[in-house]
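Biologist: Could you walk me through what surrounds the ligands in this model?

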Amino acid sequence: MIWVIGDVEGRRYREPFSKGILARSLSITDIGSERAYEIASEIESKLIDGDINEITLTDLTNFIVDYLDYLDPDYAKKYLNWREVRKSKEPLIILIGGASGVGTSSMAFELASKLGLKNLISTDMIREVMRKIVSKELSPVIHKSSFDAHESIRIPSIRIDSIIEGFISHVDVVNVGVEAIIERSLKEGISIIIEGVHVVPGFIRKDLISKNNIIIFTLVVDDPETHKQRFFTRCRQPWVKRSLEKYIENFDIIRKTQDFLIEQAKIHDSCIIDNVDVTETVDIMVNEIIEKYGGLKNVEQKSE
Ligand SMILES: Nc1ncnc2c1ncn2[C@@H]1O[C@H](COP(=O)(O)OP(=O)(O)O)[C@@H](O)[C@H]1O
Ligand SMILES: O=C(O)[C@@H](COP(=O)(O)O)OP(=O)(O)O
């Protein structure tokens, strides 16, 4: 048995070396789960061959980095960068927005797997809970979708496109719930990914979004045909209950909401990603996170 020695607030602890834990921590590189497990086994064998049955977490990390560097310096670099990110005293809160069907749910899942983050919530789910609390009479807009919320606006404004007005009203209400999740995550120190059409640059309270440990991405699908196909691939899954018709009928409106999201992302200088290739989308998000968050040991609020 190899024991790994660490300390929390000066109190020493030890836990058995686990190839599974080590393999999962290598997910940030592009090694792939099978090879990651092989590398974890190779590292374990080297420790045993070196008659090491107790090792500090720091020495184990250095041992892993040296072995990764020997295999491929890029593996070591990605592993080290990610460990820097995880040293921060603040939780990592990742917001992934985008019009319906662009891939926010799928990319959130891929990113969570890559980063080893356990908490992931969709704004659709937040909205569902809020719908139970707020009646249709009191807030008709929350009981609609983002792309048909305009139908619930009782007195449409003459100054703004009614579709965008409906979208704004719908997003604004759901954001009360989104902000509650962000506040809870900050309070508890929980890293989380929040994804969905209701994550819109400029809609989340400035005192929250200005924190350096909160990062927002806007996914888009530039090509309309590719975007439309996404609804077909999603509805192809036998367990998916949402009707394809509803999205195809409202496709032009959904594209209009995407144009609004792009406008908002540009105004608020937030990262826009054309979500065409899964690996590329995830790599862009990982690199952005490491760049923005990696050097922060003690996260402080950005100056106003
Ligand atoms: N980068 C991508 N390349 C190919 N297909 C994708 C990509 N991102 C998402 N998809 C697929 O598109 C469909 C819609 O994605 P989903 O995550 O459900 O969208 P959203 O949550 O934004 O409505 C799903 O079938 C998903 O597998
Ligand atoms: O409100 C909306 O635009 C969609 C967002 O869901 P995604 O398409 O982004 O999953 O929710 P809906 O009411 O269609 O279930």
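Modeller: Let me begin with Ser-106, where a polar atom of the side chain is 2.6 Å from an oxygen atom of ligand 1. That is a polar contact, a pair of N or O atoms within 3.5 Å; inside the protein, one atom must also be able to donate a hydrogen and the other to accept it, and residues adjacent in sequence count only if both atoms are side-chain atoms. This is a predicted model, in which local features need pLDDT of at least 70 and side-chain atom pairs count only at pLDDT 80 or more, while totals for chains, interfaces and linings use all residues. Residues are numbered from 1 along each chain as its sequence is written, chains are lettered from A and ligands numbered from 1 in the order in which they are written, and side-chain values use heavy atoms, with hydrogens and water left out.

Biologist: How much of ligand 1 does the protein cover?

Modeller: Ligand 1 has 560 Å² of accessible area on its own, and the protein covers 79% of it. Such areas come from the Shrake-Rupley method with a 1.4 Å probe, and for residues only the protein chains shown count as cover.

Biologist: Which element gives the most to the shell around ligand 1?

Modeller: That is H5, with 4 residues, and helix H9 (224-236) also supplies at least two. Helices (H or I, at least four residues) and strands (E, at least two) are DSSP runs, numbered from the N terminus.

Biologist: Switching to ligand 2, which residues are around it?

Modeller: Among them are Ser-100, Gly-101, Phe-147, Val-197 and Lys-246, where being near a molecule or strand takes one heavy atom of the residue within 4 Å. Arg-234 is also on the list for ligand 2.

Biologist: And what are the distances from the oxygen atoms of ligand 2 to Asp-124 and Ser-145?

Modeller: The side chain of Asp-124 has an N or O atom 3.0 Å from an oxygen atom of ligand 2, and for the side chain of Ser-145 the value is 2.5 Å.
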